[in-house]
Structures are given as structure tokens and as C-alpha cells.
Amino acid sequence: AIEQPEITRQLMQKLNDWRKEMNVKMIRYIISKMMGAEGLLMLLPMMVGIIYGEHTSVYFLITAAILTAIYLLFGRKCPENMTIYAKEGLIIVATAWIFWSLAGALPFVLSKSIPSYVDAFFETVSGFTTTGSTILTEIEGLPKGILFWRSLTHWVGGMGVLVFVMVLTSLDEKNSMHLMRAEVPGPEADKLVPKARGTARILYGMYFALTTIEVVFLLAGGMNLFDAVTHAFSTAGTGGFSGYNASVAHFNSAYIDGVITVFMILFGINFNLYFFLLLKEFKSVFKNEELRAYLGIIAGATVVITCNIAGGYHSLLKAFRYAVFQVASVITTTGFVTADFNKWPELSKCVLLLVMVIGASAGSTGGGIKVSRLLILVKSIRRELKTMIHPKAVNIVKVNGKKMKEETMRGVYVYFIAYILILIVSVLLISINNFDFTTSFTGVLTTLNNVGPGLNLVGPVENFAKFSDFSKIVFCVDMLIGRLEIFPFLMLFSPSLWSRKF
């Protein structure tokens, strides 16, 4: 009797919080601040253009000036109410990725490297979402500043554009974990340290360190500095943009293939595990179920494909070299190529499509449905089977010894359903182009999973230039949906999200 009024008061307080009006000023403030951050980012490819004596520097400067003006008009004055909830977090994340892509396309169009704005938007979305699909038919003729910008979009988008801005600014003062939960891939997003900004800085510190180490290894393999940096950016973001039409196959080097293979796999691992290594919690790493499953899938797929394609190469070792590279490239959704796997036997292509759907680990820079979701799904099926046999038994789902919350498991189920529905609808829309089914299906699959190359007309030596503008927009939506884990982007189309009250 004494506790009841207090409980009622708490429930009413929660209800009032839930019904608070959307903090539009804070949304505008953060988006404007992010546009300013992108303007600063434009100065890097501008300097690359100056170093190489290219006229493209002017167009990066113009774009930077436009973005800086937007920041000065709307992002300088901090709102009195800086509180954001899940609703604002979803809107900020989804719209930020769209606006960054819209602005990021300007240098391509202004420099006439990609005259069509739709094509430039496709290329930029592909860059920031770390998909790596391209509409370009001739890459090697592009200015160095443009090539640098393409790879830089991968590096920034790999960890997340909002996480990147958190490192530079103080966006975590009021509940900014909502932003990280909406942007960081995986069923759950955990803090490494109490403040979201601190977590963002730790993540980017490890990210930068791994990227730098890869650059050093690539330089040791004979790459020049520009190629080493751009390919390291694309590897780190698991994106796959290269400065050469033949991608990594251009170098024809077993050493370079090996280095990039190793780092693709490393960037596909949950970054929380690297943090545990820094804390010397080695048992937590070695006993991690997702890590073991991730490495096991890579090993199994590599063995199957190596045996399947061995007859087409001079030695088993060479077959292994190409097999492990493509498996690592596809499961981490990087999209680099060293061989035209479109010509491989059907079994090998089916295995690659399977690992394309599975994707990398949660909390990594890779795409796909994530190994952690697959583990939860498999264990859920096992639980249902046990429940059917022993209805009264208490069966719980554990991953890494941790009991999965019912809301997390429900989110995984809904994610799979939404994923399949989006895949079906997208294939139907793309089929308007009247291309063969394999082209349409794998085109959607590779963009939805942020991989890059598909099969047939979108194979590893092909591109997306032949599709209509409508189809390219559909692919852009699929890339954004895939990178933002479906729901933050789909919520933009929910009427309830845009209502004045929660």
C-alpha cells in the first residue's frame, strides 16, 4: 500500500517522457554539425589533388564551403534541450547517412568524373555504406583526388559516420548511445566505457592502428604510398573500392593478396574483442562463440572452394590462394577481387552466395546478417526442438555463456522476416530492367548485404552502369537498409515516427 503510489508515479513519469515532443532543434543541430564535419573531411582529398596538381581540388573546396555554410547557419548554436531519445536517434542516423551521401556526390558531378548525379549518388552511397558496387567502367583514368575520396568514404563509413563525428565533437552529452545503437551493426551495441564518446574514440583508435599497420605491410610489398593508403582504407571499411579496373588482381602478387586477406578477416571481427585483448582478457576472446563460428565458416568455405576449383589452376596452393581471398572478401563484404569467380563451378558460386548472406561479425565493419544473428537463430531452432520433446523443460538460449534477452531474440526473428521481404520486393522492382534472374537476384543480394560484386551482369569484372536510374535508386535504398541494419532506415517511412508526440 505504501509502495503503490510511488510505482504509479514512476509509470506516469515514464509515460510523460514517452509523450514528449520530438526534439527537432537537436536533430537539426546534430545533422548540421555532421555536414560541417563532412566539409572538413573534403579538405583531405583536396590536399591530395593539390599534391598531384589536379583541378579537382577546386570542386572539393566548393563542396566544403557549401557544407561549412550549412553548419554556420544551423549548427553553431547549441539547443537548450540536448536530450535525445530512441526516436530522434533513428531519425538522425538515417537522415545523416542520406545527407552525407547527397553532399558526398557533389565532387564527382562538379569535376565531371561522374556527370550523372544519380550515378554519383550511387557511387557515394556505395562508398559510405562500404558496399563497393560501382557504376564506373573506367576507373584508372580518374584523378587521384577523386580516387582518394572514394576510398576515404569506405574508411569513414566502415565504423559509421556518426561514430566518426562523435570522435571529433561532443555529441554524447545527452543519451547519444541511441545514435550508436542505431548505427553500430549487430543485434546489440555495447559500451566499452561509460560514455559513448569514449567508446567511439576507443573504437577509432583501434581502427586507425589496424589501418596504419596494413599500410606498412602493403608498402613492404612494393605498393606506392597512394595505393597502400587507398587499399588500406577500402580494406578497413570492408568496402572494396580500388584504383584499378582489375581490383587487387592488378598487382598479381601473392604477398599483397595474403596481406589483404588477413586484414579483411581482422576487420570482420567484433572490435570489442580487440578491446579485450588490450585488457589482456584472452579467455574472453578465445571462448567467444561468434569468433569461432566466423573463423570456422571461413575455413570450411575455403576448403570446399579450393577443392572445387583446383582443376582450373596449376597447383592446389594457387587454388587455395584465390579461394581464401574471395571467401574473406565476400564474408567480410569487402568486395575486392583477384579472380573472376563468375567463371568458377556452380558449387563454389553457391558457397560464396551463402557466406555473402551470413556476413561478418557483429560490431565489425563488415555487412551481411552477421554471424551472431545466425548463432541466435540456430540455437533458437534447437531450443524449439527440445521444447517439443520436453514441453515442461526450461530451455534458454545462451551465446558466450550469456542468456539472450527475449527482446533481442525477437529482434533477430523480425530482422530475418524483414530481410526476406525487402529482398523479394527489391528483386521484383529490379526485374523491370528485364535482365536475367541471376543478375537481378545477386544484384539485390550484394547491395543489401553491402558486398559489391554479384554474378552474371553484376559479376566481379562487371558493374552496375547498365541499370536504369530507377534501379540504381532501389540499389541505393538497399545499400542504406543493409548498412543501417534495416530498421533505422525503414522507420523513416513510418507515420508514427513523424508524429509530434511519441
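Predicted model: local features only at pLDDT ≥ 70, side-chain atom pairs only at ≥ 80, totals over all residues.
Residues are numbered from 1 along each chain as its sequence is written, and side-chain values use heavy atoms, with hydrogens and water left out.

- H17 is mostly covered, with 12 of its 16 residues buried, where buried means under 20% relative accessible area, exposed means over 50%, and partly exposed lies in between (1.4 Å probe, protein chains only).
- The buried residues of H17 include Arg 321, Tyr 322, Phe 325, Gln 326 and Ile 331.
- Among the elements that cover the buried residues of H17 are helix H13 (254–267), helix H16 (289–309) and helix H18 (346–358), with contact taken as heavy atoms within 4.5 Å.
- Just after H17, Thr 333 takes a positive phi of about 60°.

- In helix H14 (residues 271–278), the buried residues are Phe 271, Asn 272, Leu 273, Tyr 274 and Phe 275.
- The N-terminal end of H14 is capped by Asn 270, which has a side-chain oxygen 2.9 Å from the backbone nitrogen of Asn 272, whereas just after H14 Lys 280 takes a positive phi of about 65°.
- The largest nonpolar core has 137 residues, and those with the most contacts inside it are Trp 100, Phe 271 and Tyr 294; the largest share of this core, 10 residues, comes from H20.
- A nonpolar core is here a set of buried Ala, Val, Leu, Ile, Met, Phe, Trp, Tyr and Cys residues joined through side-chain atoms within 4.5 Å.
- Not counting residues up to four places away in sequence, Tyr 294 touches Met 264, Ile 265, Gly 268, Ile 269, Ile 331, Thr 332, Ala 360, Ser 361 and Val 371.

**Salt bridges**

- A search of the whole structure finds 10 salt bridges, each defined as a side-chain nitrogen of Lys or Arg within 4 Å of a carboxyl oxygen of Asp or Glu.
- Arg 150 forms a salt bridge with Glu 123, the closest N and O atoms being 3.0 Å apart, and this pair links distant parts of the chain, with Arg 150 in helix H8 and Glu 123 in helix H7, 27 residues apart.
- Arg 150 is buried because its relative accessible area is 2%, and Glu 123 counts as buried at 1% relative accessibility.
- Arg 321 forms a salt bridge with Asp 257, where the closest N and O atoms are 2.8 Å apart; the pair joins distant parts of the chain, Arg 321 lying in helix H17 and Asp 257 in helix H13, 64 residues apart.
- With a relative accessibility of 19%, Arg 321 counts as buried, and Asp 257 is buried with a relative accessible area of 3%.
- The side chains of Glu 462 and Lys 466 meet in a salt bridge (4.0 Å, N to O); Glu 462 is partly exposed, with a relative accessible area of 38%, and Lys 466 counts as partly exposed at 33%.
- Salt bridges that share partners join Lys 370, Arg 373 and Glu 485 into one network.

**Loop residues**

- Thr 130, in the loop between helix H7 (117–128) and helix H8 (144–159), has a positive phi near 60° although it is a residue other than glycine, and it counts as buried at 2% relative accessibility.
- Asn 434, in the loop between helix H20 (406–430) and helix H21 (437–448), likewise has a positive phi, near 65°, but Asn 434 counts as exposed at 69% relative accessibility.
- Ser 111 is found in the loop between helix H6 (106–110) and H7 and counts as buried at 12% relative accessibility.
- The C-alpha atoms of Ser 111 and Ser 57 are separated by 9.2 Å, although these residues are 54 residues apart along the chain.

**Cysteines**

- The structure holds zero disulfides, a disulfide being a pair of cysteine sulfur atoms within 2.5 Å.
- Cys 350 counts as partly exposed at 46% relative accessibility, whereas Cys 476 counts as buried at 2%.

Technical notes: Helix = DSSP H or I, 4+ residues; strand = E, 2+ residues; numbered from the N terminus. Polar contact = N/O pair within 3.5 Å; in protein donor to acceptor, adjacent residues only side chain to side chain.
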